[in-house]
Amino acid sequence: MKNIYKNYLFEKHYLVSEGDADRIDNQFETMFALANLFNIRIIEGEKLVRDYMIRFAAERLGENVPEPFYRGFPQTVRELSSDQLLFDQMVHYTITYGFGNFSEAGHSLFEENFERTAFKENADIKDFSIITDEDAVCILTEVVQDLLAGTRPLSDEQYELVKSFVIEYDVKIQDIASKNTAVKLLLDTRDTRFAEYIVLSDIIKLVDELNYREYDNRNIYKLNLKNQDRKFITSLINSMFTSGRCDIRTCFEKKKAWNGLLHHIHYKAATTEAQSFVDAMRGRENNSVFSDFERAMTEKNVKAAVDALKNGKGSATVLRNMNYIISRCSTLKDMEYVIDCIDTKNVIVLIQLLMEYSNYSERNAVRTFKFTKYNQLRVHTETPDEIKKRRSHITEGQAEMLTERMMKNLKDILKGRLDKVYIDPDMKNYALPVQENTSQGGFGVLTRGSRIHIGEAKKLRAFTYWEKVNDIDLSVFGIDKDGSRTEFSWRTMAGRQSDAITYSGDETSGFNGGSEYFDIDTEKFREMYPDMRYLIFCDNVYSRVPFNRCFCKAGYMVRDTEDSGAVYEPKTVKSAFMIDSDSMFAYLFGVDLETNDFIWLNMARDSSAAVAGTTDMSFITDYFHVTDVINVASIFEMMATEIVDDMSEADVIVTDKSLEGDEKLSDAEVIREYDFEKMIALMNK
């Protein structure tokens, strides 16, 4: 079985046993090694254990990770003065960037020999099951179908899994709900069966994706496609007219792009309908739904505008333009009419806008807009000129009305989707997977905004390690209660090292293996920085190479405050994930210092910033309140016909805990905090 499948299953706490199921090699020794090295406890399939699983787990959780600049991190770092730390840094930079010597990783000049005590910290147990190849295929088939049922774009890792599995196992696809996914599969396979899940207007989306991926060009108005791609697009357009999937009115929304594309591919219509389409795209009129909408809005006829959108595009489109529409309502009657149109069945859209309006504040003088393109986060903050010209504005009272209505709609739509459900109270700390396409994949990764309590007398050790590039930087940014920012990075840490926050040193020649760490003792940090509310961890490639052209992993450990063991101890690793986006900048995770919670961010930002701290981060704290609005527990409460306190009575068990004894033998479906695919399928049911 391919590694892409085994890696994904490892994230779901499965190990795949290949070969002779009756053969037992070093069973006890292997299970002992998994437990001793990684704290992996096998709870099912013990007889299927194989010795190669040790090596596989080591690759996933990290083994033989490169040493940091300060080998004795964190003790030896704290023993050096600010002048010594700065001198270390200056000499190292001179050698690497001054003399151009990137041949081997540098280390401290002042650090004395350091011997570590034996590792003796307690670490959380990781429960795993071992399954056969056949079981793995069954599980993956369900995972792939669930992912394809989602209306939102998939993350790069999810998409690569779907693509590989669909091709290799010739999966009979039940549905592809996301046009983004269908377009990518069609481009990668050139298999026309995937064209059944798109319509004519989606051809522009396909060309945009092709132009970016194959030609490294983000401007669809300046195409330079090869002949084979022109022929492919031409055949797709013709097939849309043959099969009747021609939403010509929607094509008017991208009229300029269509005009350029048809000219570029020298398109010649094969049917009367196709010729009418070509003439329409080249003509002066624009008959899109949005043209009717804007015309009605200009005439201040809100009812007609809403009707145009709802009848032409559906209620979800009304929701997506809600600020614009509500801001033009001049009467309470108009307002009530608009709110009555919030009857979409699209659960994902309702959840996204519920989170937006729940955090709405009129006091935000400057708005920040977040959107994704090519599976990377893009951020735009209003300029002073844009603020002056702003026309779409709603009050906090209006936002509250919208929030209440969306919540009511969600409850009505989801009610009764499940029978009896047991919900672990801790599931309220986990966010829903509604927009994870900018995320990286790996063990321990959770949805954006999910919270994990760090625990008392514990410290957080954030890490990144890499190969095939010289310099990647791990940074931390503190956000005060008033929104001001403090930087903890290679540029500032010579004067900031302390028991509260310790940095392992800036590794600048890590082509053959480099690593960087931050230790945060949250209790001491709060004492030293009482006005600080949040911490945000970032990774950026100083060498100006995108993450997808090197090897880079990041993650975190939760350690005892006692510094025993090696710098990198796989036992204490809570998450280790690949950063492989076509970007040089990624937000990793955060810490809420008030609640002592670790918070998942995991976003690849569309940025060429080689130095962290040069981009706006104020919008990041929006994600720190996601679970206050809606979370895994609350969504399952909405779906349950009955909530039960006894697992043995449940048809569905939603928990992040290990199941013991009779609980383990229950016939109920178990949904974990990392079962994103199951949640996606249920929300899109």
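**Exercise 1.** Which residue with a positive phi follows H12?

*Solution.* Start with the residue itself: histidine 266 comes after H12, and its phi is positive, near 55°. H12 spans residues 255-264; helices here are DSSP runs of H or I with at least four residues, strands are E runs of at least two, and both are numbered from the N terminus. Keep in mind that this is a predicted model, where local features need pLDDT of at least 70, side-chain atom pairs count only at pLDDT 80 or more, and totals for chains, interfaces and linings use all residues. Residues are numbered from 1 along each chain as its sequence is written, and side-chain values use heavy atoms, leaving out hydrogens and water.

**Exercise 2.** Work out which residues of H12 are buried, and what covers them.

*Solution.* First, go through the helix: Lys255, Ala257, Trp258, Leu261, Leu262 and His264 are buried. Buried is under 20% relative accessible area, exposed is over 50%, and partly exposed lies in between (1.4 Å probe, protein chains only). Next, look for the cover: it includes H9 (202-215), H10 (227-243), H11 (248-251) and H13 (272-282), with contact taken as heavy atoms within 4.5 Å.

**Exercise 3.** Describe how H7 and H8 pack.

*Solution.* Take H7 (residues 156-169) and H8 (residues 179-189): their angle is about 55° and their axes are 11 Å apart. Axes are lines fitted to C-alpha atoms, for helices over the stretch in contact, and angles run from 0 to 180 degrees between N-to-C directions. The pair is therefore oblique, the class left after roughly parallel (under 35 degrees), roughly antiparallel (over 145) and roughly perpendicular (65 to 115). Finally, list the contacts: Asp156, Tyr159, Val162, Lys163 and Ile167 from H7 meet Thr181, Lys184, Leu185, Asp188 and Thr189 from H8.

**Exercise 4.** Where does isoleucine 42 sit, and is it buried or exposed?

*Solution.* Isoleucine 42 belongs to strand S2, residues 40-44. With a relative accessible area of 9%, isoleucine 42 is buried. Setting aside neighbours within four places in sequence, isoleucine 42 contacts Leu15, Met31, Leu34, Phe128 and Ile130.
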